[in-house]
Amino acid sequence: MENRISHATATPDKITREEHPQLYFANGDIVLQAKLPSETENLSFQMYCVHKAVLSLHSVVFSNLFADGSANLESVYDGRPLIEMFDDADDLSNLLLFVYKPSDYLMRTSHPDTPFELRGAVRLASKYLLDEARADMIRRVTMDWPLTIDDWDICGGEREGLVRVWRDQRDRNVSSHFVTQRTIAVRTLEPVSAIVFAQEHGCSGILPVAFYRLASIDISAEWELRCYLSAEPPCARWSLCDKENLVRYIKGRQALEGYHRAVARQMAAGDILSENCLPWCTIDPPSPSTGDDNLEEYMKDAPCFHFIWTLKELVWGTQPSYDPLAALLKLADAERSPSEKLKRTCPHRLCLECKDSLHKWVHSARAGLWECLPNYFQLQ
Ligand SMILES: [Zn+2]
């Protein structure tokens with residue numbers, strides 16, 4: 001095996017063994033040892049004292065090994081048979097922690113480290129045939145990611161609630177706002193580790209939403225320790241992002257920029273309005289293209305068109321949003337609760353028919369966009 005060690009060249013005084021703080025049970029009956037990464041020539045091992053019955057219960061491989069008359073268990077450590085594991089110690093720790101204390105993961109709310117920690121553990125679960133633990137770990141990662149637009153909105157609503165509480169605490173100068181800020185940070189999912197987890201372990205259903213989340217993160221925002229304290233600005237573990245995924249990120253962002261422009265065109269063309277409220281210039285556009293001076297003239301008798309046009313200028317804007325699902329909701333929200341500027345500019349607001357048309361359009365545009373995500377990020 002690639003990381004097999006050679007005891008023949010190691011002198012005993014260069015070997016250190018660390019008993020795992022949570023996985024060295026006094027009543028364990030088997031010891032596992034895995035090499036720890038080291039930058040020196042010294043050999044360092046992580047030691048686990050665990051239970052044959054527990055390993056056998058979860059793994060056919062261990063069950064067969066222990067049933068095999070202990071033929072390969074001649075080494076002894078701390079009075080118990082010793083098995084040398086040729087696996088990454090962190091991966092083995094995370095797998096054993098999941099087996100012994102699944103509640104640590106199952107009861108933890110969504111967390112940016114979950115796919116990062118469980119990626120190697122799932123790999124080992126596949127290797128040693130811990131089928132149920134493997135399925136549970138995959139489920140633990142995927143359950144954090146919404147697979148429908150409704151679930152996306154529910155997650156967004158929960159987050160908005162937390163942010164509201166945090167702002168309120170901060171404005172009242174309550175010290176617990178730091179705790180709430182940390183809660184928001186540790187509930188903020190990190191997309192790159194989820195993407196590589198999903199690609200390695202075949203749970204591709206979360207890829208479109210994970211890439212969509214990644215698209216709104218700046219490529220210079222690398223994950224660092226402060227991300228556990230504050231969710232702003234959003235960061236990603238870019239160091240895990242390979243070339244193919246980087247291309248998906250770039251193409252996806254280009255597609256979202258194109259989407260932004262397409263919506264602006266639809267708004268300018270009056271596509272969102274009831275047919276009864278279209279001004280003549282959208283049906284029979286003057287040539288050359290409509291200038292702003294003339295537009296005011298055209299809009300005099302078309303207050304609904306004027307409202308949507310103003311919504312485009314004030315709310316949709318010219319800068320592309322890399323979260324158009326949220327930007328589309330802002331259009332509907334602005335109609336329901338217009339800003340003072342929007343009210344001043346368009347005192348007539350929308351007629352009932354156009355209001356209905358706008359909200360239906362926002363709903364269907366968001367659903368359509370959600371369906372397009374796999375295509376945008378070249379996942380099909
Ligand atoms: Zn109208």
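Mentor: This is a predicted model, in which local features need pLDDT of at least 70 and side-chain atom pairs count only at pLDDT 80 or more, while totals for chains, interfaces and linings use all residues. Residues are numbered from 1 along each chain as its sequence is written.

Trainee: In what order do the five strands of the open sheet stand?

Mentor: Strands here are DSSP runs (E, at least two residues) and helices are runs of H or I with at least four residues, both numbered from the N terminus, and two strands pair if DSSP finds at least two bridges between them. The sheet is open and its pairing is mixed, with the order S1-S3-S2-S5-S4.

Trainee: Which strands stand at the edges of the sheet?

Mentor: Each edge strand has a single partner strand, so one side of each is left without a neighbour in the sheet. These strands are S1 (15-24) and S4 (76-77).

Trainee: How do S1 and S3 run, parallel or antiparallel?

Mentor: Strand S3 covers residues 43-50, and six bridges join S1 to S3. Within this pair Arg17 stands opposite Phe45 in S3. The two strands run parallel.

Trainee: And how do S2 and S3 run, parallel or antiparallel?

Mentor: Here too there are six bridges, and Lys35 stands opposite Phe45 in S3. The strands S2 and S3 run antiparallel.

Trainee: In S5, what is the bridge partner of Val31?

Mentor: S2 and S5 run parallel and are joined by four bridges. In S5, the partner of Val31 is Leu82.

Trainee: Where does helix H17 bend?

Mentor: H17 (residues 352-376) has 25 residues and reaches 35 Å from its first C-alpha to its last, close to the 36 Å expected, where the expected span is 1.5 Å times one less than the number of residues. The bend, taken as the angle between axes fitted to the seven residues ending at a residue and the seven starting there, is about 30°, and Pro374 follows within four residues. The place of the bend is Trp370.

Trainee: Is Val163 buried, exposed or partly exposed?

Mentor: Val163 lies in helix H7. A residue is buried if 20 or more other C-beta atoms, placed from the backbone, lie within 10 Å of its own, exposed if 12 or fewer, and partly exposed in between. Because Val163 has 15 other C-beta atoms within 10 Å, Val163 is partly exposed.
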